[in-house]
Each structure stands twice: as C-alpha cells, then as structure tokens.
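The following note sets out points for a colleague to check against the coordinates. It moves from strand pairing to helix packing and then to the database annotation.

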Amino acid sequence: MSGQKFQYDESGGTFFYFLLSFLALLLIPGTYYLWPRCPKQDPDQEAKECQCDGCKKKKIILQLNEPWKETKALFKKFLIILGWVILIFLAYKVSQFDYEMANFDPFEILGVSPGSSQSDIKRAYRKLSLILHPDKETGNEKAFMKLTKAYQALTDEEARRNWEKYGNPDGPGAMSFGIALPSWIVEKENSVWVLGLYSLVFMIALPTVVGMWWYKSIRYTDDQVLLQTSEMHYFFFVKTPSMSLKRVIMVLAASFEFYKRRNPEIVERHTDYEEVYSLIKQLPQLGVKNKEEPLCNSYSIKARALLHAHLSRIPLNPETLEKDRQYVVKKCAYLLQEMVTCVNRVILLAYARRVPHLPSIKTVENCMKLCPMIVQGFWEFKNPLLQLPHITEDNLKCFLAKKHQIRSLQQFAQLKGEERRLILRNLSDSDYEDVMKVLGSMPYIDFKVRSEVIDDENPTVYTAGAIVTVTVSLTRKDMKQLFGDDTVKEQIMIEDSKVGSGEGAEEPPEEQNQVVKKPAWLRQKKGQKKSHKKGSSKKSASVKNAQSQSQSGNENAQQTNTPNAKKKEDKVEKESSKDKLSDVSDSDIDSDRSDDEDSHDKKDVSVDDDDTEWERFQQRISKREKVLEGRSNLSHEVHCPLFPDVKQEYWWVYICDRKSQTLLTTPIFVKSLAHFEEVQLKFTAPRWPGVYTFTVCLRSDSYLGFDQAQNIKLDVKEAPEVPTEHPQWDISDEETAEDVDAADEHSEFTTDEDISDNE
C-alpha cells in the first residue's frame with residue numbers, strides 16, 4: 001500500500017505555479033487600472049483653446065506642478081512590461097515541466113514504432129546508450145535514466161505491466177503533498193534570515209504603513225479638509241450667524257491648511273515678514289487689527305493678504321509670494337465647499353435647538369459668492385466682462401457707451417458680429433478670436449422649476465405639513481447659441497444635428513416633450529375649466545381653439561372697453577363662425593353637452609392623468625438607477641487663467657425664503673452638468689395656511705454673473721382632519737392649545753398676507 005508524505009519543492013517546479021498564479025493575480029488588474037492612458041485629444045483642440053497671456057502662463061504652471069509626469073508614466077509602463085515578460089517566462093517553464101513529467105512514452109524515447117520487435121528495441125537502446133551514457137562526451141545523465149526506464153518498460157514484463165496500468169514502470173508511487181516553497185526556506189542555516197525578513201515585513205513595515213494611513217485618514221474629512229479646520233469653521237459660524245463677505249475671507253484664510261505646524265507642505269521663508277508687510281500697506285481694508293484667534297495669527301494674515309492681492313490682481317514676487325498665492329488659491333476651492341457644508345450642518349443644529357442662533361442665508365450665499373470670485377480673480381463689484389481674455393478696465397469704456405450700455409456677458413453675446421467687433425475695435429484679430437472662443441464656450445443654462453406633492457391624489461394641492469418636491473431641470477448649452485449672427489446659428493444647427501445621432505441624443509429636448517405630452521397638473525387645470533364651460537367639442541381641435549380665443553376675447557373686452565378689444569372680438573367671432581360652417585358634423589356645437597359626454601370626458605381626463613403619473617413614476621425609478629450607477633465629476637472646463645489648476649463647472653441648487661432669510665433645503669452641489677441634469681429638492685410645507693413665496697436659486701462656483709433665481713408660490717391649504725377612530729392616532733393630552741399658539745408665534749415662514757399687513 002502506497003504511503004503518504006509531505007515534501008518541499010526541491011526542483012522548483014511547483015514553486016513556479018505559485019509565482020505564476022500570484023503574479024497573474026496582480027498583473028492583470030494592475031495593467032487595466034495602472035497603464036498610463038493619454039486622454040483623447042481633439043485634433044483642433046489648440047485652435048479652440050484661448051491663446052491669451054494668462055492661459056499660456058497657466059499651462060507653464062501646470063507643467064511645473066507635475067515635472068515627473070512623463071517619467072512616472074514611462075516607469076509604470078516599464079514595470080508592467082517587465083511583469084508580463086516574467087509571467088510569460090514562468091508560463092513557459094511550467095509548460096516544459098508538465099511536458100517532461102506527464103508525457104512519458106517509451107516508444108518515443110527509444111525512437112521505435114509500437115509494433116517493433118524485441119531485437120529492434122534492444123538495437124535502438126544500444127545505439128542511444130552509446131550516445132547518452134554519462135561516461136561519454138555527449139552523455140546526459142538525465143536523458144540516460146529516462147532511456148533506461150523506457151527500455152525496462154518495453155522489455156521487462158512486470159515493468160511493462162506497471163507502465164500500462166499506472167503509467168510508470170516503477171508502479172504506483174507514494175502519494176505526496178507538495179508545498180510550493182523552496183526547501184532552503186526551512187533549512188537550519190537560513191532560519192535566522194527567514195525569521196528576520198518575516199519580522200521586518202509583517203511586524204514592522206505593515207503595522208507602520210497601516211498606522212500612518214490611519215493617522216492621516218482620521219485627521220481629514222471626506223473632502224480632504226483638516227478636521228481642525230472644519231471645527232474652526234463651525235465655531236465662527238455659530239459665533240457670527242450673519243457674516244459679511246470680508247468676514248468670510250478672514251475665516252477662510254485662518255484655515256489650518258495654511259499653517260506650517262498642521263500642514264508640512266507650507267513653505268516659510270526669512271523674507272516673508274518684509275514682503276508681507278509691504279503687501280499689507282497696499283491693502284488698507286485687510287483688517288489686521290482683529291484680535292480674534294486664529295484670525296490674528298501671522299499665517300492667517302499672510303493668507304488673507306494673498307487672497308486680497310489675488311482678488312485685486314496685484315502682481316507679486318514670482319519666486320516667493322506668487323508661489324504661495326498659487327497654493328492658497330488652489331486650496332480655497334475645496335475649503336469653500338467645506339464651508340458651505342458646515343453652514344448647512346449648523347442650520348440643522350439650530351433647527352434641533354442645539355445652537356442658539358440660526359445662520360442667515362446671507363452667510364451661505366457669501367461663501368458661494370466667494371468661490372467664483374477666487375476662481376476668476378476679481379471682486380464682486382467689478383464688471384463680469386473682465387472674465388473675457390484681453391479685456392481690461394480701459395476696454396470697459398467701450399461697453400458702457402451710450403449706444404450699447406452692455407453690462408453683462410449675455411447682452412454682449414446677443415449682439416451681431418459687426419456690433420461686437422465695433423465695440424472691440426481696439427483689439428487685434430487674434431485677440432478678438434480669443435474673446436469669441438471663450439464667450440462661446442461659457443455656459444447658458446436653461447433653468448426650469450416644477451413643484452408638486454408626489455404620491456398624493458392631487459399633486460398640485462399643498463396642505464399644511466405636506467412634503468413638497470421641487471424638480472429643477474438644468475439644460476446646459478454654450479453661450480454661442482445666443483450669438484446674433486445668422487451664420488453662427490447655422491453652424492450651431494449643423495453641429496446639433498451631428499451630435500443628435502451620438503451622445504447628445506440621450507435626453508430628448510424638453511420643449512418637444514411639453515408639446516407632445518403636457519404635465520398632469522396642467523391637464524387637471526384645463527379639465528376643471530372645461531367642466532364648467534358648455535359648448536366645447538371633442539371632435540374638432542380647431543373649434544376648441546376658436547372658442548377659447550373668443551372666450552378670452554370676451555373677458556378682455558369686459559375688462560377694457562376699448563375699440564381695439566372689440567375689433568379683436570369681432571375677428572375671433574368671424575373665425576369661429578367660419579370653422580363652424582366648414583364642419584358639418586359639428587353643427588350642434590352650441591348645444592349643451594349631455595351627461596354621457598361629460599362622464600366620457602371625465603374618464604378620458606382621468607385615464608390621461610393615470611398614464612402621466614405612471615410615466616413619472618417610471619422616470620423617477622430610472623433616475624434613481626442612474627444615481628446608484630454613479631456619475632463622474634466632469635462637466636466643462638472653466639476659462640480661469642488666474643486659477644492655478646484645471647477647474648470644472650459646478651453649480652449649487654437650493655431653495656430659500658427671502659422674507660424670513662432662511663434656507664429651506666440643503667444646497668445640492670451639481671458636479672456632472674455636461675448637457676442635462678435634473679435635481680429634486682424636498683421640504684416640508686408651512687404648518688399654517690396661507691400664500692407663501694419661496695425662491696429657487698442656481699449659483700455657479702466658477703463664473704460671476706451667471707446666477708439665476710425663480711420664485712414659486714404655494715397656496716397652502718388646511719390639512720384634512722385626522723380621524724380619531726384609531727387609537728394609535730389619538731393626540732395625547734399633553735399637546736394643549738397653548739403649545740399650538742406658542743408654535744404659531746415661532747413660525748419660521750412668512751406669508752404674503754403678513755407682509756401686506758405689516759406694510
């Protein structure tokens with residue numbers, strides 16, 4: 001009976017299996033994720049890019065920030081290729097090992113056919129043994145042993161029987177369990193080195209790496225901002241609920257990312273004191289006399305002075321303060337996002353009565369306003385036309401001439417090409433092309449708002465305490481669609497037709513959707529009007545339009561007794577009479593509807609409403625699936641020559657109450673507005689009936705002058721009475737009328753009637 005034994009790999013064959021599997025496990029996914037990929041570049045990219053001096057300097061700065069980028073890419077490629085070469089070599093060694101061990105054919109080794117006689121086999125053995133014998137010059141001990149074993153398998157009866165039965169002339173071997181490690185690992189001479197290497201890797205290196213990673217991770221938030229910085233922001237937002245813009249800059253500059261003891265990347269020089277002191281003299285409104293900690297610290301004053309110099313576009317020493325300015329400005333984009341998040345959390349704590357004062361909406365909007373100011377590099381009171389290349393304070397005089405009075409980028413884009421060129425006649429043709437490139441690539445946002453109560457019988461009726469869902473639709477287009485040139489419009493239509501067959505065709509235009517199928521809440525309103533009117537027909541759409549026009553004309557005539565209104569009414573009546581005479585089947589339009597027709601129309605309206613609600617439900621499910629799949633943070637690159645990094649267009653969307661200066665919803669940070677994006681904002685309707693006006697705001701974090709706002713009016717009705725038959729709905733006796741009155745006094749919303757009464 002064959003025995004069992006454990007043995008280490010003496011020849012190294014099984015160790016090759018271990019290395020092959022381990023290397024393949026690392027190399028295949030590593031090649032997919034780590035192989036340096038060059039982004040797909042448009043061949044006309046250089047022609048589309050701005051060639052102003054600021055953009056050229058920014059390219060140089062970006063190249064200097066990554067000096068070893070190409071070297072790192074080549075090194076990664078070399079390591080990956082070397083790994084694949086080793087993998088191929090190991091695969092070859094394993095294949096050779098398997099071939100030698102598994103393919104034992106004595107006839108092939110002796111070089112005879114299977115039907116050969118014993119004399120032929122002996123003759124072949126003698127011939128090959130003279131060549132392969134170890135004593136000969138051409139001898140090979142391993143090949144001679146294999147030759148001897150093949151000869152025995154064909155001449156000895158027992159050996160031949162073992163070969164035919166077990167595949168081995170020696171018979172069944174002992175069952176062995178091999179360990180895919182070389183035997184020298186367990187040898188006594190090497191035990192010290194093996195244990196030392198084991199201790200170094202698993203007891204020193206691995207715990208050190210994990211500890212360093214854990215120490216760094218607990219110091220930062222999810223947005224890679226220091227927790228101490230976040231705590232400092234909390235403190236100042238609670239201390240001063242209403243912050244001015246300059247106060248926000250002071251708090252931003254006091255972030256610990258700019259402190260040498262908290263951030264080792266900060267560089268401190270001996271010349272900083274003199275240079276910063278001379279810079280402070282040029283900035284009278286810096287607020288150096290503030291004695292609050294850490295606003296009065298030297299690092300905070302330096303960062304604040306650099307921010308003011310950046311917004312005022314003051315040139316700095318390129319070897320010292322200019323490098324510090326680039327680092328501070330680059331960090332500010334992430335810090336301002338964290339500040340907005342901190343304000344939102346403070347507001348939630350104020351609603352939970354954990355914070356005494358509620359931060360005003362002014363504080364949140366100042367944080368949002370500061371972000372595009374830093375990205376573009378000028379103050380808010382400056383003209384937004386300065387965001388265009390080659391435009392200086394001297395060029396603004398041409399925009400503000402009596403003929404034009406252009407104060408915004410949108411107004412400038414709507415002009416004809418001749419008028420734009422006339423305004424910028426002082427610029428050369430190349431500079432004017434840069435201006436038009438940047439202006440045409442700027443965002444033009446179609447901002448649409450729809451409010452409803454989802455999962456309710458009547459989604460347009462707002463009751464006290466209901467969950468109101470505001471759907472904000474954002475369609476991003478280029479500013480060149482506003483150009484007044486006919487040739488430019490034709491080129492845009494051709495580009496849109498080309499894009500329509502590709503990625504741009506994913507979302508259908510909203511205007512077409514509104515024409516084909518109108519929202520359910522509009523249909524319900526029309527249905528209510530039609531139910532009170534008589535004389536409308538469902539057979540002819542033209543007659544319906546004529547009647548609606550005549551009715552609207554009569555109402556206008558009653559309101560304004562002017563001869564023009566009467567003429568319009570007569571025209572509408574004549575057109576409607578012609579339509580009636582043209583359709584013989586509709587001769588009885590003026591007669592009242594029967595009860596059967598009314599019930600049939602009501603059924604049609606209810607069926608249409610059910611279909612639209614079902615479509616909306618399916619759309620909501622598809623949107624949730626898209627959100628779960630995840631989206632990239634790529635939208636459109638921003639033209640910002642003074643910002644030392646590549647910036648993408650991001651947007652904030654939120655709802656606020658301007659009358660009570662409160663924030664109703666947490667601002668949603670939209671990072672993937674490439675073409676179309678839909679955002680849902682939810683808030684609880686006021687607890688008391690009345691007409692309320694809320695504002696839906698859209699703010700850019702990259703450009704100044706692109707903010708939008710739309711008002712929504714909610715006519716809040718009384719909530720239906722809760723039936724008291726169910727014991728679980730009974731209101732406890734602890735809630736008295738006094739508590740309700742007290743809650744009424746502390747209502748956070750203000751109705752339009754209250755404002756009119758106060759006035």
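1. V468 stands opposite F683 in β9. The two strands concerned, β5 (residues 467–478) and β9, run antiparallel and are joined by nine bridges. Strands here are DSSP runs (E, at least two residues), helices are DSSP runs too (H or I, at least four), and both are numbered from the N terminus; two strands pair if DSSP finds at least two bridges between them.

2. As to provenance, this is a predicted model, in which local features need pLDDT of at least 70 and side-chain atom pairs count only at pLDDT 80 or more, while totals for chains, interfaces and linings use all residues. Residues are numbered from 1 along each chain as its sequence is written, and side-chain values use heavy atoms, with hydrogens and water left out.

3. The β5–β9 pairing belongs to an open sheet of three strands, ordered β3-β5-β9 with antiparallel pairing. Because β3 (443–452) and β9 (676–684) are at the edges with a single partner strand each, one side of each has no neighbour in the sheet. From one strand to the next the twist averages 20° (angles run from 0 to 180 degrees between N-to-C directions, and axes are lines fitted to C-alpha atoms, for helices over the stretch in contact).

4. Strand β10 (residues 690–700) is largely enclosed by the rest of the structure, because ten of its eleven residues are buried (under 20% relative accessible area, with exposed meaning over 50% and partly exposed in between; 1.4 Å probe, protein chains only). β10 pairs with β6 (residues 651–657) in the antiparallel sense over six bridges, and W651 has S700 of β10 as its bridge partner. β10 is also joined to β11 (residues 708–717) by nine bridges, again antiparallel; here C697 stands opposite A709 in β11.

5. Helices α6 (residues 118–132) and α7 (residues 141–155) pack at about 170°, with axes 10 Å apart. The pair is therefore roughly antiparallel (angles over 145 degrees; under 35 is roughly parallel, 65 to 115 roughly perpendicular and the rest oblique). The contact comprises nine nonpolar, four polar and one charged residue (Ala, Val, Leu, Ile, Met, Phe, Trp, Tyr, Cys and Pro count as nonpolar, Asp, Glu, Lys and Arg as charged, and the others, Gly among them, as polar).

6. An unreviewed UniProt entry lists residues 15–35, 78–95 and 192–215 under "transmembrane region"; such annotations may be inferred rather than shown by experiment. Residues 78–95 are 100% helix, with end C-alpha atoms 26 Å apart. Residues 192–215 are likewise 100% helix, with end C-alpha atoms 33 Å apart.
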